[in-house]
Each structure stands twice: as C-alpha cells, then as structure tokens.
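Please read it alongside the coordinates.

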Amino acid sequence: MKYGRTYNFSAGPAMMPEPVLEEIAAEMMNYRGSGMCVMEMSHRSKVFQQIRDEAEADLRKLMGIPGNYKVLFIQGGGTVQFAMVAMNLMKNGVGCYVETGAWSKKAIAEAKKYGEVKIVASSADKNFSYIPDCSNLDIPDNADYIYICENETINGTTYFQLPNTKGKVLVSDQSSMFLSRSCDVEKYGLIWGGVQKNVGPAGMAIVIIREDLIRDDLPKFVPTYMSYKTHADNDSLYNTPNCWAIYCCGKVFKYLLENGGLEAMHKRNVEKAGILYDFLDQSKLFTGAVRKEDRSLMNVPFVTPSKEQDADVVAASKEAGFDNLKGHKSVGGLRASIYNAMPKEGVEALVEFLTKYEKEHS
C-alpha cells in the first residue's frame with residue numbers, strides 16, 4: 001500500500017485499484033489534452049461520448065454481453081432500482097422475490113407499492129444465514145419475473161447456483177459481487193449493480209437488460225427518468241448522466257481486462273476469502289455468521305461472543321490501521337468486505353491482527 005493508504009474493509013463506497021486511481025489523478029486537471037477535467041466537460045461533447053462508448057464496449061467484452069442486451073448507466077443506486085424494476089417489469093402486476101437479507105427485503109417493500117409481491121423462498125427463519133433451496137419454487141403462471149439479491153452485502157450470503165425460474169425472467173441485484181466472477185448474462189433478463197462496491201464511485205447503477213423487456217406501454221404514473229426505455233433510446237444520455245462515475249468505471253473495466261478478466265478476479269477472490277474463512281473456522285473467539293456453502297467471497301460477517309467485545313475489536317482495529325470493520329447497524333457484529341481491489345496482503349494483515357487479538361484476549 002502506497003501514499004499512507006489504509007486497508008479499507010468498507011462495504012461501499014469501497015477501495016478502488018491503485019493503478020486506476022493513479023491514472024485518474026494524472027488526468028484530473030487535463031483529460032488527454034482537452035484542457036479540462038472530466039467533471040467539467042459537457043456530456044454532449046465528442047470527448048465524453050468516446051468515454052461513454054468505450055466504457056460500454058469494455059464492459060460488454062468483460063462480461064460477454066450479447067447484442068440483444070442493452071447496457072444502461074443510471075443515476076442513483078439500489079433504492080432507485082428497487083422501484084424501476086417493479087415499475088418496468090410488472091406487466092401482469094406480479095413479482096416473485098427470494099428473501100435472503102436486508103437488501104432483498106428493501107426490494108420487496110418497494111415492489112409492493114407497484115403490484116403484488118410473492119415471496120417464493122426465504123431464509124428469515126435462520127436470520128438470513130443461508131441461501132434457501134430454489135430448485136422447485138412455487139411460481140404462479142402470471143409472474144412477471146423472479147428477483148434475487150445475488151450477494152447480500154449485509155448478511156454475507158451468495159448464490160452459487162441460480163434459482164430454477166421455470167421459464168420466467170430472472171432479475172438479479174449483483175451490486176456487491178458485480179464483476180467479481182464470470183457471469184452467463186443470457187441466464188438473466190435483467191442484471192443491475194450499484195457501482196460503489198466493486199467498480200467505482202457512488203451515485204450510479206449499471207443495468208444490463210434484455211431488449212424484449214424494455215417497454216413503451218408503462219403506466220402513466222411512471223416518471224420519464226424511471227423508464228428503462230428512456231435510457232435505452234438515448235444511450236444513457238437523456239439527461240446529464242453521472243459523467244464522473246462512468247469515466248471511473250470505464251477505467252476499472254480496462255484495468256480488469258488488462259489483468260486477466262473476470263476469471264482471474266474470481267481466482268484471486270477465492271484465494272483471499274479462503275484466508276479469512278480458514279482463520280474463522282479454526283478460531284475459538286471469532287465465529288462466521290453464514291452457512292459454509294453459501295458464504296460470500298465479497299462480504300464476510302463474523303462475531304465474537306458479545307456485542308461489547310465486537311465493539312472492542314472494532315476500536316482495536318482502527319488503532320491498528322484498519323477501517324470499516326464494524327458490522328451493519330441492522331445486524332451488528334463485524335464485517336470485512338474484500339472486493340476485487342482489496343489486495344491479498346490486506347486480508348493477510350487482517351488475519352494477523354485478529355490472531356494477535358485472540359491470543360491477547362483468550
């Protein structure tokens with residue numbers, strides 16, 4: 001780590017790759033001879049149009065996105081997408097949701113404002129510590145889509161096998177695992193992800209939507225900006241987009257392509273997560289909060305025997321130079337988010353700290 005930077009285990013906004021930050025810093029005052037910063041230039045300019053187009057092209061290459069899917073850059077994060085998914089896809093007024101934690105619960109609550117929501121599976125019975133069996137869901141014939149949060153940032157679970165949607169459209173919130181592993185886009189009707197966890201700065205979501213799901217017959221109450229068609233028809237330039245986020249994300253896409261793509265990222269992420277989970281599995285003080293087969297490679301929640309000791313670990317971690325190890329306010333405990341940009345050395349340093357803490361407090 002250079003520049004006196006800390007190991008930041010925040011769930012988002014989170015770390016970005018240092019080479020990307022260095023490149024952004026070098027272009028800050030004068031982007032490639034334009035005489036201005038990207039934050040200053042017109043979103044209608046040829047210079048920014050190239051930035052936007054390259055970002056989309058690189059993402060398509062990175063994920064293998066088929067030609068019949070649109071890539072949209074939409075302002076806002078999860079709270080906006082919870083509503084947009086329901087507004088745009090509830091043609092029959094019925095959405096099926098798998099309830100696996102805090103973020104799927106928020107999506108469910110929002111969707112209920114626009115139609116009927118059926119919870120077809122849930123892990124609430126065990127405090128969202130596992131992914132429920134989704135091999136034979138009770139899906140009504142008139143269901144418009146099946147919605148999952150593919151990686152629950154707060155609860156630390158992830159899907160390693162997608163639900164059997166019985167031919168219905170699969171919608172996935174991939175926010176906290178977006179670009180962390182390979183993805184067969186054709187298995188989904190719509191993928192969206194807030195970029196502030198694994199890709200770039202806060203304030204934008206990327207939506208990948210199959211063209212046949214883009215409607216022009218939306219209810220009149222749907223605002224113009226909340227229509228996917230608005231963004232698809234205008235190449236995400238209907239209004240002034242989050243230019244800075246698109247630029248930064250584009251840099252990350254190029255970085256990932258230059259460093260082995262998503263398969264290489266997945267291999268690194270498996271190795272990093274294994275270091276932390278191996279420690280938790282043998283620890284007498286710290287306990288992982290998730291069933292082993294459903295553990296996220298991105299977000300690792302764990303606890304000590306008491307809330308007081310959890311708080312003490314957080315305080316000690318800050319003194320040791322780590323940041324954002326406190327669990328989410330809704331669940332407490334501890335959590336280490338170890339996205340693509342977290343180096344292996346950061347996870348090793350965390351395990352070294354936790355090992356030392358355990359020896360001193362056993």
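Which residues are buried in helix 1 (residues 18-27)? In this predicted model, Glu18, Val20, Ile24 and Glu27 are buried there. The buried residues of helix 1 pack against helix 6.

## Cavities

A search of the whole structure finds 5 cavities of 30 Å³ or more. The largest cavity holds about 100 Å³ of space. Its lining consists of Tyr31, Arg32, Ile51, Glu54, Ala55, Tyr247, Gly250, Lys251 and Lys254. Two helices, helix 2 (46-63) and helix 6 (243-258), each supply at least two residues of this lining. Helix 6 gives the most, with 4 residues. By residue class, the lining of the largest cavity splits into 4 nonpolar, 1 polar and 4 charged.

| Cavity | Space | Lining classes |
|---|---|---|
| Largest | about 100 Å³ | 4 nonpolar, 1 polar, 4 charged |

## Cysteines

How many disulfides does the model contain? The count comes to 0 disulfides. Cys37 is in no disulfide, and the nearest cysteine sulfur, that of Cys248, is 8.9 Å away. The cut-off for a disulfide is a pair of cysteine sulfur atoms within 2.5 Å. Cys37 is buried, with a relative accessible area of 7%.

Cys134 counts as buried, at 9% relative accessibility.

## Aromatic pairs

The search of the whole structure finds 14 aromatic pairs. One of them joins Phe82 and Trp192, whose ring centres are 5.9 Å apart. Their planes stand at 75°, so this pair is edge-to-face. The cut-off for that class is over 60 degrees. Where do the two partners sit? Phe82 lies in helix 3 (residues 78-89), and Trp192 lies in strand 9 (residues 190-194). The pair therefore ties together parts that are 110 residues apart in sequence. Both Phe82 and Trp192 are buried.

What kind of pair do Phe279 and Phe286 form? Their ring centres are 6.0 Å apart and their planes are at 50°, so the pair is tilted. Phe279 is buried, and Phe286 is buried too. These two rings also belong to a cluster. Ring pairs link Tyr7, Phe9, Phe279, Phe286, Phe302, Phe322, Phe353 and Tyr357 into that cluster.

## Ser283

Ser283 sits in the loop between helix 7 (261-282) and strand 11 (287-288). Is Ser283 buried or exposed? Ser283 is buried, with a relative accessible area of 11%. Ser283 and Glu99 are 184 residues apart in sequence. In space, the C-alpha to C-alpha distance between Ser283 and Glu99 is 30 Å.

## Backbone details

Start with the peptide bond from Gly12 to Pro13. This bond is cis, with omega near -5°. Pro13 is found in the loop between strand 1 (7-8) and helix 1.

Next comes Arg32, a residue that also lines the largest cavity. Arg32 has a positive phi of about 45°, although it is not a glycine. Its place is in the loop between helix 1 and helix 2.

Asn324 lies in the loop between strand 13 (322-323) and strand 14 (334-337). How accessible is Asn324, and what is its relative accessible area? Asn324 is partly exposed, with a relative accessible area of 35%.

How values were computed. Residues are numbered from 1 along each chain as its sequence is written. This is a predicted model: local features need pLDDT of at least 70, side-chain atom pairs count only at pLDDT 80 or more; totals for chains, interfaces and linings use all residues. Side-chain values use heavy atoms; hydrogens and water are left out. On a 1 Å grid over the protein atoms alone, a cavity is a set of points where a 1.4 Å probe fits but cannot get out, and a pocket is an open set with protein on both sides within 12 Å along at least five of seven lines; lining residues have an atom within 4 Å of a point. Grid points are joined across faces, edges and corners, and a volume is the space filled by probe spheres set on the points. Ala, Val, Leu, Ile, Met, Phe, Trp, Tyr, Cys and Pro count as nonpolar, Asp, Glu, Lys and Arg as charged, and the others, Gly among them, as polar. Buried means under 20% relative accessible area, exposed over 50%, partly exposed in between (1.4 Å probe, protein chains only). Contact means heavy atoms within 4.5 Å. Rings of Phe, Tyr and Trp (its six-membered ring) pair if their centres lie within 6.5 Å; planes under 30 degrees apart count as stacked, over 60 as edge-to-face and the rest as tilted.
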